[in-house]
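Let's take a walk through a protein model together, one piece at a time. Keep the picture open while you read.

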Amino acid sequence: MKKLFYNISKLYGANERGTFKKGHEMQQLNTLENAWMLVENGTIIQMGQCPSEKEIEDLINHSNEWIDLEGLEVLPGFVDSHTHIVFAAPRHEEFAMRIQGATYEEIAENGGGILNSAKKLQAMSENDLYEQASKRVILMLAHGTTTIEIKSGYGLTVEAEIKILRVVKRLKENFKCTIKSTFLGAHAFPAEFKNNQQGYIDLVLNEMLPIVIAEKLADHIDVFCDKGFFSVEQTSLILEEAAKRDIPAKIHANELGLTGGVQTAVEHQAWSADHLEHCEENEIAALQKGFSQNYGGTMPVALPGTSYFLGIPYAPIRNFIGNGLPVALATDFNPGSSPICSIQTIWALACTQMKMMPVEAFHAVTCNAARALRLENEVGSLAVGMRADFFTTKTVDAVKGIPYFFGQNHVDRVFVGGDRV
Ligand SMILES: [Zn+2]
């Protein structure tokens, strides 16, 4: 069953399969004009540009279905490599407290923050959580995101952490878009373990992790390695145990201070280090070292939605790019620090607040974000052999126009594996 997509005025992200871009390469945009794609079994099997009428006729004759994309522009579906979308409730009250001056850390110290989300999630049934999370997946799809990573971490008990990961498993089964799961049992210390941190780490490693492995619930493991959360030593202990079981790491690092999180990520060959609001020369040197090693490097992932919403510094992205590093962007969609579903808004924030050029940020939300999940051979670019995940937009010059006309949804039609969703 071959499906032809034609009459595309401009197609962006026409990179070679497996591409991700570092440093100045992030400025190099690959496009096709008057483009077409032939899709079979969800994968692009042929594509090109400027066909003659005769060629279009031939293509149509050799296809089972043909879809006229009406002269619109096409972008690869966005990849959101960092979200926490399985949560029970918004945290409006903390929003109000922060507006009145309380900091995220002060709220966390008083039992708010992650612990607040955990309490609400523990009380909610798996079915209700599934219903809520699936609405968020639908919302993200409507905003052009076709690959989503989802973390646990609002459970903090064996039962509740497993409940979240089972919800993610159901989402994977029921949605056509690509969904990846991350076990983040080490998101915060529950109140009852405040004075027995090792006790909680033992629970994560000896009780949660075996179930996660037995039920194949996680594609990666994550730790919140930061001031007031998990120390470098505690993070290393958890990542070492995960590595023995071949679970790759993605960690929360350097959101709240220069805590050694980035260095720990590189040392443990993490696929990504996320947040990075506090990064100086040593962190950049550690990331550079990662990309010179065989494991393929630790992708720096910036989360500008969090900086915007919490009023904290933005990751120093220009230093990363200027030092030849790649950069990815994600929403961090969660109820406490970044209640945003739209990569388009993240793209705009990256330009206005972090001084990324629109083209650089485009790569950071497509091929580089795919690399943060080591999926750059499947999604994030539109090339032969890649999944036909893309959307059309009526916005002209979309790579410039989407972050410019910020705050609106530029997505027209969304296709996953060549099927409209
Ligand atoms: Zn996060």
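**A walk through the chain**

Helices here are DSSP runs of H or I with at least four residues, strands are E runs of at least two, and both are numbered from the N terminus. Axes are lines fitted to C-alpha atoms, for helices over the stretch in contact, and angles go from 0 to 180 degrees between N-to-C directions. Two residues are in contact if their C-beta atoms, placed from the backbone, lie within 7 Å.

Before going on, note that this is a predicted model: local features need pLDDT of at least 70, side-chain atom pairs count only at pLDDT 80 or more, and totals for chains, interfaces and linings use all residues. Residues are numbered from 1 along each chain as its sequence is written.

Now for the sheets. Strands count as paired if DSSP finds at least two bridges between them. Strand S13 (residues 390-393) and strand S14 (residues 411-416) run antiparallel, joined by three bridges. Here Phe 390 sits opposite Phe 415, and Phe 391 faces Val 414. S14 also pairs with strand S15 (residues 419-420), again in the antiparallel sense, over two bridges, with Val 416 partnered by Asp 419. The hairpin of S14 and S15 has two residues between the strands, and Gly 417 takes a positive phi near 55 degrees there.

The other open sheet to look at has eight strands, in the order S5-S6-S7-S8-S9-S10-S11-S12, and its pairing is parallel. Strand S5 (78-80) and strand S12 (328-329) stand at the edges with a single partner strand each, so one side of each has no neighbour in the sheet. S12 is joined to strand S11 (residues 299-302) by two bridges, and Ala 302 stands opposite Leu 329. Helix H8 (residues 232-244) lies across strand S7 (178-186), strand S8 (220-225) and strand S9 (250-253), at about 175 degrees to S8.

Next, see how some helices pack. Helix H5 (residues 126-142) and H6 have their axes 10 Å apart and pack at an angle of about 50 degrees. That makes H5 oblique to H6 (under 35 degrees is roughly parallel, over 145 roughly antiparallel, 65 to 115 roughly perpendicular, and the rest oblique).

Val 158, Glu 161, Ile 162 and Leu 165 in H6 meet Leu 203, Glu 207, Met 208, Ile 211 and Val 212 in H7. By class, that contact has seven nonpolar, no polar and two charged residues (Ala, Val, Leu, Ile, Met, Phe, Trp, Tyr, Cys and Pro are nonpolar, Asp, Glu, Lys and Arg charged, and the others, Gly among them, polar).

Finally, step back. The chain has 16 helices and 15 strands. With 421 residues, a compact globule would have a radius of gyration near 22 Å, and the chain's 21 Å agrees (taken over C-alpha atoms, with a globule rule of 2.2 Å times the number of residues to the power 0.38).
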